[in-house]
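I set out to record what can be looked up in this structure. The entries are kept brief and follow the order in which I worked.

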Amino acid sequence: MRLDKYLKVARLVKRRTLAKEISDQGRVTVNGNVAKAGTDVKIDDTLVIRFGQKEITVKVTGLNEHASKENAKGMFELLKEARVSEM
């Protein structure tokens, strides 16, 4: 599944266009590599997403193209949530 679609369907980002923007700005890494919106996401991948001064690390546990609100929670496992300072 494309990274931008995964972020939207898993409800980590509210809109797919926003997911595409933050991906293309280099604020998302997949397994330690900077990822673009079209990067393929697979189960067991580790994503690090930076939202302003907040950075979250999640592990992909499921890929469901049409997840409901209840199913979306089973699509990732939150590993770390941290506040980062701007340089």
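**Entry 1: basis.** I note that this is a predicted model, in which local features need pLDDT of at least 70 and side-chain atom pairs count only at pLDDT 80 or more, while totals for chains, interfaces and linings use all residues. Residues are numbered from 1 along each chain as its sequence is written, and side-chain values use heavy atoms, with hydrogens and water left out.

**Entry 2: the chain.** I looked up the secondary structure and found 3 helices and 5 strands. Helices (H or I, at least four residues) and strands (E, at least two) are DSSP runs, numbered from the N terminus. Read from the N terminus, the elements follow the order α-α-β-β-β-β-α-β.

I then looked up burial, where buried means under 20% relative accessible area, exposed over 50%, and partly exposed in between (1.4 Å probe, protein chains only). Of the 87 residues in the chain, 33% are buried. The chain exposes about 5400 Å², and carbon and sulfur atoms supply 49% of this area. Such areas come from the Shrake-Rupley method with a 1.4 Å probe; for residues, only the protein chains shown count as cover.

For contacts (heavy atoms within 4.5 Å), I considered those between residues at least 6 apart in sequence; 44% of them join residues at least 24 apart.

Entry 3: In what order do the strands of the open sheet stand? I read the order 2-1-3-4-5, with antiparallel pairing. Strand 2 (33-34) and strand 5 stand at the edges with a single partner strand each, so one side of each has no neighbour in the sheet. Two strands pair if DSSP finds at least two bridges between them. In general, strands of a sheet pair through backbone hydrogen bonds, either parallel or antiparallel.

- Strand 3 (residues 46-51) is joined to strand 4 (residues 54-60) by 6 bridges. L47 has V58 as its bridge partner, R50 stands opposite E55, and F51 is partnered by K54.
- Strand 4 is joined to strand 5 (residues 76-83) by 7 bridges, with K80 as the bridge partner of T57.

The hairpin of strand 3 and strand 4 has 2 residues between the strands, and G52 takes a positive phi near 60 degrees in this hairpin.

**Entry 4: T57.** Is T57 buried or exposed? T57, in strand 4, has a relative accessible area of 13% and therefore counts as buried. Leaving aside neighbours within four places in sequence, I found T57 in contact with T46, L47, V48, E77, L78, L79 and K80.

**Entry 5: S23.** S23 is buried because its relative accessibility is 0%. Which residues is S23 in contact with, leaving aside its neighbours within four places in sequence? I listed L3, L7, V28, A35, K36 and A37.
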